[in-house]
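Please keep the coordinates open alongside them.

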Amino acid sequence: MYGDIVGFAMSTPVWVHTLAEIGTDAGLLVFAALFALAAWRSRAAPDRDLALAVAGPIAVIGAYVLSEGIKLLIKEERPCRGGIATIAACPPVGDWSFPSNHAVLAAASAGALVLVWRRLAWLVLPLAAVMAFSRVFVGVHYPHDVAVGFLFGVLMAPLLALLAVGALIPVVRRVRERSRWLRPAEPRSQAR
């Protein structure tokens, strides 16, 4: 399957190669902007909501660190070391393949964002899937590296965010006490 995907990728126009190579990193910038927007949207929400928005990026970092640990345990060579022509340059020896950190980061970002802002699911989950697939397309990962990385990220980041939110709520409360911009909205009185 890897050979078929990379063979097809090599037959595509050069602009597709460029898009595939920069698309993953550009997608991570989109996720960073969406995290910032989610935090901004949560600034007047209850303490738990803002804490969850802050926990999202922390959880993504946690999922990434855990995936790096898995890489160091498994030490799977990258498929691009097998002499096959690929779009992207093969990372250096010692930069292991399983699981794909790009897939973990993309899926973890999507999972954490969906936890905070469910209406984004239609955008962030397909974007993460395309970003993850691009790692096989450019030739630096096997399909199973990406599939496992995606599942790991999309499950681990929301779990880590939910675990962190309890510790972050008191921090959010203390910051809100000192800042007029982050105070929760006053409840609206109902007309009788």
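1. Of the 192 residues of the chain, 44% count as buried, where buried means under 20% relative accessible area, exposed over 50%, and partly exposed in between, with a 1.4 Å probe and protein chains only. The model is predicted, so that local features need pLDDT of at least 70 and side-chain atom pairs count only at pLDDT 80 or more, whereas totals for chains, interfaces and linings use all residues. Residues are numbered from 1 along each chain as its sequence is written, and side-chain values use heavy atoms, with hydrogens and water left out.

2. The chain has 6 helices and 0 strands, these being DSSP runs numbered from the N terminus (H or I, at least four residues, for helices; E, at least two, for strands). Along the sequence this reads as α-α-α-α-α-α.

3. Among the contacts in the chain with a separation of 6 or more, 78% are accounted for by residues 24 or more positions apart, a contact being heavy atoms within 4.5 Å.

4. The structure holds 1 salt bridge, defined as a side-chain nitrogen of Lys or Arg within 4 Å of a carboxyl oxygen of Asp or Glu. R173 forms this salt bridge with D47, and their closest N and O atoms are 2.8 Å apart. The pair links distant parts of the chain, since R173 lies in helix 6 (residues 143–178) and D47 in helix 3 (residues 47–74), 126 residues apart.

5. The chain exposes about 10600 Å², of which carbon and sulfur atoms supply 68%; accessible areas come from the Shrake-Rupley method with a 1.4 Å probe, and for residues only the protein chains shown count as cover.
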